[in-house]
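Please take a moment with the sequence and the structure shown here, and then follow the paragraphs below.

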Amino acid sequence: MFDQLIPSPPSEKTSCPLWLSFSARHLETHRNTWKLRIASLAVLILTFASTSFAQVEASPQDYGIPPGSVSPPPPSLALQHSYDVLNYHLYMDWYNVLANKSLRYDGIMQITFRPDLVSPLDSIRLSPGAPYLTVDSVTSGGRSLNFTSDTAGIYIILDKPLASSDTAVVSLYYHVDNAGPSGYANQRGFYLYYGGEKMSGGYVVPQTVAYTMSEPSDARYWMPCYDEPSDKALSEISVRVPDAYTAASNGKLESVVNNGDGSRTFNWVEHFPIATYLMCATASIFSVVTADYIRAPGDTVPVQYYVYPEDSVAAATNPVCNVDSVVSMMKFYSSIYGQYPFEKYAMACIEPFQYGGMEHTTMTTLNRKYEFSRYDVAHELAHHWFGDNITLGTWKDIWLNEGFATYSEAMQLQHVSQPGFTAEMNYEENEYFMEYDTAKYAIYAPPPALIFGLAEYYKAAWVLNMLRNIEGDSVFFDILRTYLADFRFGTAVTSNFINVASQVTHTNMDWFFDEWIYGQGYPIYSFTYKTFPGSFTFYLKQNQINAPIFRMPVDVGVYSGGQETTFNFVDSLNLQTVRFSYPGTIDSVVFDPGDKIFKQVTAWTDTTLPTLGSPPSIQVYPNPFNGVAQIQYSLGVDSQVTIDVYDIIGRKVESLNEGSQQAGAYQVSVSNHNLASGVYFFRLHTDSGNSVTKALLLK
Ligand SMILES: [Zn+2]
């Protein structure tokens, strides 16, 4: 889902005070953090939301919809349950809701399932749809089945126990009562607006539209189902609408049947398993603008805009984003992630809609205000790899959807503009810091009210950016492609992704995900340095509270006469002191010059530096070396000594515990038979500070 709407251009980001751009963009769009922000920033809201920004972006209030009509999801159930749904075959009659302003529609849902954990299976329980959805009767094979429907769910007793090898079909005849235009606040799952209707605030509905919106857990209110993301199934969705209307849904349009009574029935079939929150139906007066994405010779994927007729020319020609731009985005994503996985890609562009967009599989719902925004379009399209193809196993894993889609969106930008990418990543970092002032939580298993919080979008995008910086593009994209291949059309939880990262990098990556995904917060560094003849000492401190001490490979940029030299080491301490050999005069020192780390940097305020009167030092020879490296080190004071060796991406490959040593000079050998050629960092740890040098292993 996309809550963040059109980011400001970079110039605005740099010229605007942070709190100003914050209020302009997220106040009205980020639905779950929204209430939180109102509480904490009431003054700002009063000042700005009511003046220049209120009409700029979509918000529930723009449409006269009170906020908070969507409650957080219930706790996710187990990844498996007593049965496995194979197919949802749904028929909904929307003729009267569209033609006659009826508040009720009738539906029939046929569910095909088989026993999963329980066999023989004598009953099934579906998610509770009350008070919106009422089940009128249930049959199987033409026979009526006993059922109950209450707040615990729809409980159906099968007419005979089902063995593990069997499948069964039950049909539920149901109706949905929608509060309708007299009470938009009460709509849930199924939304209905009439063209020409004036809503509070003066907004006039441009076109009659009926649609479903489910994420995270509202599918149960418009179709009977087992409403958990881990139980993916095929879908067949048929919708009867008045002649002039088009009903759009998931998958392929198999047929449009003219019923001869002023109505048509659109029959859609999704041939890949999808989660219930990704199933949808959207009906309005649509023009369809189509382009082709050639996936392979003879394999063409239709790319379509379903737009209001007055938008059809723009869908083909809008200079910022049009149907051909979407084809280009599909080519780009396919080139880095592997081929687009589904049978079509379409976007139904409507309003009023409370969000920027929603990645309903192959039929994204886009807010019409942003139908030609490259950000929204790129985000929802990216979900078709991350979210729709691989679906989160539980709502605790929401970052596997939103972090990946948000970072994909930034990479789409990077594909055309590196400065644009940098500006966007900086923007996301600062926005998250603002949220962190009021809401501190880890990315994994966010509080239910914050499952669409900025940690899941922006911080999670940055976690992927850092993983890419540490591992390099080749390994990073190998991780993503392996993950996509291993969990294709299935579900994954956070530990699945971490395991893939460890497997592809041939190293245990738990340390990285433990601090960034399971831990909350971010490092707040301060640094300073002191020069010595032929060397300098760099002091790095982590100042954050309510967050762990972060271990990260870090860069230090040294500038002298316009020349930059970069030093690296692995920081993992509250206070780190590192000595580097450097013969020249230093003009300035910059920490993390490439901005690779999600962090804040504050001024060094300590008036005294840690004592390094006789700084420890380390050298390696020969350099380059092979066979055995000779390490020489010296101590100014008595100390405990360890020497760690790291490879170029910060992985520790050797550790020597030298024990307690008196001040003096020492030499120790280290063999390297199992190490690959490359640059290695030798880090001396002592009680009075650390020293790092590097040497090249050539085999
Ligand atoms: Zn999203």
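Helix H9 passes helix H11 in a right-handed crossing. This is a predicted model, and in it H9, which covers residues 399-416, packs against H11, residues 454-471, at an angle of about 70 degrees, with the two axes 7 Å apart. Because angles of 65 to 115 degrees count as roughly perpendicular, H9 is described as roughly perpendicular to H11.

Which residues of H9 meet H11? On the H9 side they are Trp 399, Glu 402, Gly 403, Phe 404, Thr 406, Tyr 407 and Ala 410, and they meet Glu 456, Tyr 457, Tyr 458, Ala 460, Ala 461, Val 463, Leu 464 and Asn 465 in H11. Sorted by class, this contact of H9 with H11 holds ten nonpolar, three polar and two charged residues.

Turning to the strands, the model has an open sheet of four strands, paired antiparallel in the order S9-S10-S15-S12. Its edge strands are S9 (190-193) and S12 (246-249), each of which pairs on one side only, and neighbouring strands of this sheet are turned against each other by 10 degrees on average, if direction is ignored. Strand S10 (residues 209-212) and strand S15 (residues 281-284) run antiparallel and are joined by two bridges, with Ala 210 standing opposite Ala 283 in S15.

Finally, a word on confidence: the mean pLDDT of the chain is 86, and 87% of its residues reach 70 or more. Over residues 4-77, however, the pLDDT is below 50, although this stretch has 124 contacts in the model beyond near neighbours in sequence. Where pLDDT is low, the predicted coordinates should not be read in detail.

Note on methods
Residues numbered from 1 in each chain as written. Predicted model: local features only at pLDDT ≥ 70, side-chain atom pairs only at ≥ 80, totals over all residues. Axes fitted to C-alpha atoms, helices over the stretch in contact; angles between N-to-C directions. Parallel < 35°, antiparallel > 145°, perpendicular 65-115°, else oblique. Left-handed = near helix turned anticlockwise from the far one by under 90°. Contact = placed C-beta atoms within 7 Å. Nonpolar A, V, L, I, M, F, W, Y, C, P; charged D, E, K, R; others polar. pLDDT = per-residue confidence, 0-100. Pairing = 2+ DSSP bridges.
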